[in-house]
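Please keep the 3D view open as you read.

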Amino acid sequence: MGKKVTVVGAGFYGSTTAQRLAEYDVFDTVVITDIVEGKPAGLALDLNQSRAIEGFETKVVGVTTGPNGEGYEAIEGSDVVVITAGLPRKPGMSRMDLLETNAKIVRQVAENVAKYAPNAVVIVVSNPLDEMTALAQIATQFPKNRVLGQAGMLDTARFTNFVAEALNVPVKSVKTLTLGSHGDTMVPVPSKSTVNGKPLRDAMPAEQIEELVVKTRNGGAEVVALLKTGSAYYAPSAAAARMAKAVAEDSGEVMPVCAWVDGQYGIAGVYLGVEAEIGAEGVKRVVETDLDADELASLKEAAEAVRAKQADVANM
C-alpha cells in the first residue's frame, strides 16, 4: 500500500506544502482540497507537470470540496492530513482575532477527516494554532497522539535564522529551541541553544539574545506587515511538510511540535509546544528537556494561558 497525504486548503500555505510533499517523493499520492471551484485541480495539474523536471513520481490530485462534505471521499485512506484551511492574518491582527472564524472551518474539516480518513495522523497549522489543534482533536475524537500542531518547528527555525544572521555564521552551525505557545507566550530556550556546539550565551550578550527572542516571537507579524495580503508560507510549509515526512517514514525524529502534554514538566491536560518523537502514530512520546528555572516557569505560564483558551474552543 502506497502512502497518501492530504493537504486541506489550497492557499499559499497549502499549495507550497503540497509541492514540498510531492517533491520529497516519499508518498504515492498527495491530495490537495479547497472550497474554491477548480483551484486544487489546477494546482495539481501544474504540479504534476513539474514531475519530469524535478524528477519525482508522486501523483498530485486536486479536489474541490463542498459545504456538506462533498469531495472529501478523495481523502480516503490518507496516512497524514495537514489542515491549513482558514483565514490568514492581515496586518494588525493577532492570531487570536481569527479564533471564531477559523474554529467553524477547522471543526467542519476535522469532522470530514474523521469520516473519510479515520486512521490518519492530523497535523494542524491553522491559527490560532494551539486552540485549533485542541479543537481538531475534539472534533475528530482521535487519540490525542494522532493530532498535533505545527508551530515549534517554525518558531525554532526563525530563532535559528536570526541568531545565524546576527553572528554571521552558517545556519547549520546554530541549534536553537522554542517551546510554549505559538504567540505571546512562546518560550525560546537559550539554555538549549548552541553555536558550533558551544552555548549561545557564550556567543552573544544576554541583551542581544533577549532582542532575538522578541524578534522570534514577532516573526510572523513582521512577515504579515510586509506582505500586507496574507501571512508567511515558505518557512511554515517547510515545517509542516517535514512533520508529515517524519510520520510517513516512521522516523522517530525529535521535533518541537504542539502536542498533548500529560504530566511532563509538571504540566497536564493541555496542548502545548514541546519536543516530541514523531512517527507513524503521530507523537510517540513527549521528550522532556532540562530547562532553567525561569524557562520552566515561562513554560508553565504558557500552559495556563493556552489552557484557558483551549477550554473555550470545545463549544465552537
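Helix α1 passes helix α10 in a right-handed crossing, a term used when the near helix is turned clockwise from the far one by less than a right angle, with anticlockwise giving a left-handed crossing. Before going further, note that this is a predicted model, in which local features need pLDDT of at least 70 and side-chain atom pairs count only at pLDDT 80 or more, while totals for chains, interfaces and linings use all residues. Residues are numbered from 1 along each chain as its sequence is written, and side-chain values use heavy atoms, with hydrogens and water left out.

Back to that first pair. Helix α1 covers residues 12-24 and helix α10 covers residues 234-248; their axes come within 9 Å and cross at roughly 45 degrees. Helices here are DSSP runs of H or I with at least four residues, strands are runs of E with at least two, and both are numbered from the N terminus. Axes are lines fitted to C-alpha atoms, for helices over the stretch in contact, and angles run from 0 to 180 degrees between N-to-C directions. The angle makes α1 oblique to α10, since under 35 degrees counts as roughly parallel, over 145 as roughly antiparallel, 65 to 115 as roughly perpendicular and the rest as oblique.

Which residues of α1 meet α10? They are Tyr-13, Thr-16, Thr-17, Arg-20, Leu-21 and Tyr-24, and their partners in α10 include Tyr-234, Pro-236, Ala-241 and Lys-245. Contact means heavy atoms within 4.5 Å.

Now find α5 (residues 129-140) and α11 (residues 293-313), which pack at about 45 degrees with their axes 9 Å apart. These two helices are therefore oblique to each other, and their crossing is right-handed. On the α5 side the contact is made by Asp-130, Glu-131, Met-132, Ala-134 and Leu-135, and on the α11 side by Val-306, Lys-309, Gln-310 and Val-313. Five nonpolar, one polar and three charged residues make up this contact.

The peptide bond from Asn-127 to Pro-128 is cis, with omega near -5 degrees, and Pro-128 lies in the loop between β5 (121-124) and α5. Another sits in the loop between α9 (219-227) and α10, where Lys-228 is found: Lys-228 has a positive phi of about 70 degrees although it is not a glycine.

Among the contacting residues are Phe-159 and Phe-162 of α6 and Leu-212 and Val-213 of α8, and the contact divides into six nonpolar, two polar and three charged residues.

Finally, turn to an open sheet of three strands, ordered β7-β10-β11 with antiparallel pairing. Its edge strands are β7 (174-175) and β11 (198-199), each pairing on one side only. Two strands pair if DSSP finds at least two bridges between them; β10 (residues 194-195) and β11 pair over two bridges, and Val-195 stands opposite Lys-198 in β11.

Definitions and conventions:
Nonpolar A, V, L, I, M, F, W, Y, C, P; charged D, E, K, R; others polar.
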